[in-house]
Amino acid sequence: MASLEALVSSLVPQARHDQALREDLQAHASEILNSHIGQVSESDVGYIADSIKRHLLQTSPNGVPALRFANLVSRLLEQPVLSRKHASLQFLYSLAGSAQPSVVPISLPSLAPPPGVQQSPAPFTPTEPVSASNPPRGKSRADILREYRSKTGRPQLPEHLLLRDTLYLLQGISGKYISFLPANGSEPATQLSFREDSKYSISAPCRTLVHRLAEVGHLYVRVDTFIREREGKAGVGMIEQSLCHHLQTQLTEYYRLIAVLESQMAGRRSTEDSDNLDFSQDESGLTLKRLDVWIQEWRLRMRMMSVCVEGSRDAHGGALVNLIRGYADNGDPFVRKFTDQLLEEVSKPFFVILHKWLFSGELNDPFSEFFVAVNPELAHVQYLPQSSPSGQLSGDGGFAGLTGDAEDLPGDREGGLKLWEGKYQFQKDMLPLFVGETFGRKIFSTGKSLNFIRYNCQDSDWVVTREKLSNTGGTLKYSDIAGLERSIDAAYQIASRRLFDIFFEKYGLLDHLQALKNYMLLGHGDFVDQLMDTLAPSLARPANTLYRHNLTATLEAAIQSSSAQNDPPDVLRRLDARMLEYSHGEIGWDVFTLEYKVDAPIDTVLDPEAMMKYLKLFNHLWKIKRVESTLSQGWMRIAGGARTFLRVPGKYLNFEWHQVRIVMAEMIHFIRQMEAYCQLEVIECSWKTLVEFVQKKEGDLDALIQAHRQFLGRMVKKVLLLSTKSGREENILNQVREVFTIILQFREATDDFYNYSLSESARRDAERDEARGVFTGIQRGSQHPPAHLPDILGRIRDYSSTFSEKAQIIVHALQSHSDLDCRFLGIRLSFSDFYKTKKD
């Protein structure tokens, strides 16, 4: 209602002071707005289209407008955006049928001369008042305004003087009558000041128009100041320099426009004193309104450039490109086109760096503007030479300087994995939005792979690879994003495939992985048996009495006497036997381990952390194999000596040996199920998954490292029965190791019982021989069973019960394990609920 009241007051001046008339007119206008005047009940688009076509045929019999209208209607009906097509056609049809008004509303004065009158208007008579009811006839708007200004006593400032000052303002320069006020802060000018003159005055509409035009000058000063600051500043990035260059190019075009406007203004002004010139009647001269139209496009340009300037003060490199790229998502075609042009120029340094990194693996980024950054600590660290693929380790020890023991070498070494993962870093905040994180990761991986191939692998076919990469695409630029994505995909695949070929064909990575499975994970069964049989006497001695050269000689003998001798020489030379750090009281079984040495570039995948996990797995599997071998030997002795035990009088020994055989069978079942679970269900299944990944040759070196880590992590978690509960990860593992200790103690007790049985059988035979008068040896006299037999039997019973209790605890813990394979191991250990029934 407030808007309606304001409209009535502006159209009917009498209603401003007559409230009754104003309310009556408002009520009448409300009735008109709420009525259905001008609306038709027919809503058929075809009907209204036919009506318009008939009207066009009546007005233009040649039929050309009707044909054009039919074409436009068909295009209109195909547009899904417009929902009220009938209303639009009805509106246009109503406009076509309405007659042009011939009478000017009474509330508005007639300022235009009647059509057809060519003579000059009559002079204005001051004694005759100008009113809305008696409008002047034959006077132009300029005449009426001039008469009004002369009546007020102070004329308006001539427009050419305003134009002169406005052109100065467009260049950021203060004029004679209008000037920029200096700002207090960093801005050069933020306010506009009009000079008060007693001779001339500036109307409010002119002030508003000048303010609009002065905005362009203010933005120009801001952009020009930014460019000048960057010209004299050190350390300005290449992307920012490119931005300044493009902005300077835009300002050069702006200078040309100002020059053209000044020339037009100078050509239209014939005399210096032009107070009586009527610029409003000039159809071709420069006016403030025409200047506003000329400058409209540059107002939008300056606004965009100013926004970019303000954002670039805190942005750098790829972040600056992202800032500009954010303005491209705009519905205004002009803004979108200007932003695309700006991005095309600004992103050129980015694509130069990208081309060098993507196709050569070199990072040439002096101002840190790329989304790939080099680690300052590793910037000057080069990859060390690697060993020959088929020969011996290099004299300097290869990548690690490893010709002997790692502990014998002074100083620390930089591993290939550390350089691969740490030398170059991916900066997500510097990644341009038009690239995307997926392609950004591919670019990062491609450059790293090429750098790795050149400087670590020292690939002699690098030139061939570079030629393949150079044929993947042309010049990289912002306007060809689809071509950029194709080039990235092609370069990524070529570099990744070449790196895989180098690792698996030149350096035999799969052979090394197979060797780790055969030796560190005890995959070579005959080799493990030979090694354990030959080392068992030595490892039973204290650890401080063992010497490494003896262990190495035994290792070589086990290799030569087993199928391991058929492995490649490069694999066998890396295998070594060593002892861990030992403390007082430990024996050889506690400190012995195998070691597999790797060098560059293999240590990128088989890093020290991975080799440490292999060492943990070997120690656990070696203990399982030791316990299994010990139980097997004990069972063979018991089974082979059964006839000897039967000759010993007394039924109690037969019962005790029967109990020993039951417990030993239970232990053999436990340890063999544990061994089968580790070898078949964990190691072999994990190995199958890794081999399938290797055969596909998909992904990059990061994917290969991740696949090997998953392979190794899965084995560590399942073989060592690790739990996911915090602080209780190795509870089951510790209990299994306690069971191993109990089994070994049980075996010692059964050996004592076996020795007692042998000695007792021999004593009884000697007594019988003496009774028959047969001399079979030295006369020993009458001997009775030693008093320590109850101690031996007590130890056997204690170890048997303790083993049963520990096995029950382990089975119960495995049944609630988070891993499915571990739960299945619990089922195999307690088949048919053996331990549950035994506990009950």
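Reply: Accessible areas here come from the Shrake-Rupley method with a 1.4 Å probe. On that basis the accessible surface of the protein comes to about 45,200 Å², and carbon and sulfur atoms hold 53% of that surface. Keep in mind that this is a predicted model.

Me: Ok. How many helices and strands are there?

Reply: The secondary structure comes to 30 helices and 6 strands.

Me: And what share of the residues is buried?

Reply: Buried residues make up 44% of the 840 in the protein. As for contacts with a separation of 6 or more, 73% are between residues 24 or more positions apart.

Me: Which residues have the most contacts inside the largest nonpolar core?

Reply: Those are Phe527, Phe592, Tyr614, Trp622 and Phe753, in a core of 111 residues. Helix H25, residues 651-696, gives the largest share of this core, with 18 residues. There's also a second, separate core of 78 residues, which includes Leu192, Cys244, Leu247 and Leu261.

Me: Back to Trp622. What is it in contact with, leaving aside neighbours within four places in sequence?

Reply: Trp622 is in contact with Leu522, Val528, Leu531, Met532, Leu539, Trp589 and Phe592.

Me: Where does H10 bend?

Reply: At Ile295, by about 45°.

Me: Now Asp165. Buried or exposed?

Reply: Asp165 counts as buried because its relative accessibility is 1%, and the cut-off for buried is under 20%. Asp165 is found in helix H7, residues 159-170.

Me: So which backbone nitrogens does the Asp165 side chain reach?

Reply: A polar atom of the Asp165 side chain lies 3.1 Å from the backbone nitrogen of Lys176. The side chain also reaches the backbone nitrogen of Ile178, at 3.2 Å. Leaving aside neighbours within four places in sequence, Asp165 is in contact with Gly175, Lys176, Tyr177 and Ile178.

Me: What about Cys822? Which helix is it in?

Reply: Cys822 is found in helix H29. Its relative accessible area is 1%, so Cys822 is buried. Beyond four places in sequence, Cys822 is in contact with Tyr677, Lys718, Leu721, Leu814 and His817.

Me: Last topic, backbone angles. Which residues other than glycine have positive phi?

Reply: Ser368 is one of them, with phi near 55°. Ser368 lies in the loop between helix H13 (348-360) and strand E3 (372-374). Asp833 also has a positive phi, near 55°.

Me: And where does Asp833 lie?

Reply: In the loop between helix H29 (820-829) and helix H30 (834-839). At 40% relative accessibility, Asp833 counts as partly exposed.

Definitions and conventions: Residues numbered from 1 in each chain as written. Predicted model: local features only at pLDDT ≥ 70, side-chain atom pairs only at ≥ 80, totals over all residues. Heavy atoms only, no water. Core = buried A, V, L, I, M, F, W, Y, C linked by side-chain atoms within 4.5 Å. Buried < 20%, exposed > 50% of the residue type's maximum accessible area, 1.4 Å probe, protein only. Helix = DSSP H or I, 4+ residues; strand = E, 2+ residues; numbered from the N terminus. Contact = heavy atoms within 4.5 Å. Bend = angle between axes of the 7 residues up to and from the residue. Polar contact = N/O pair within 3.5 Å; in protein donor to acceptor, adjacent residues only side chain to side chain.
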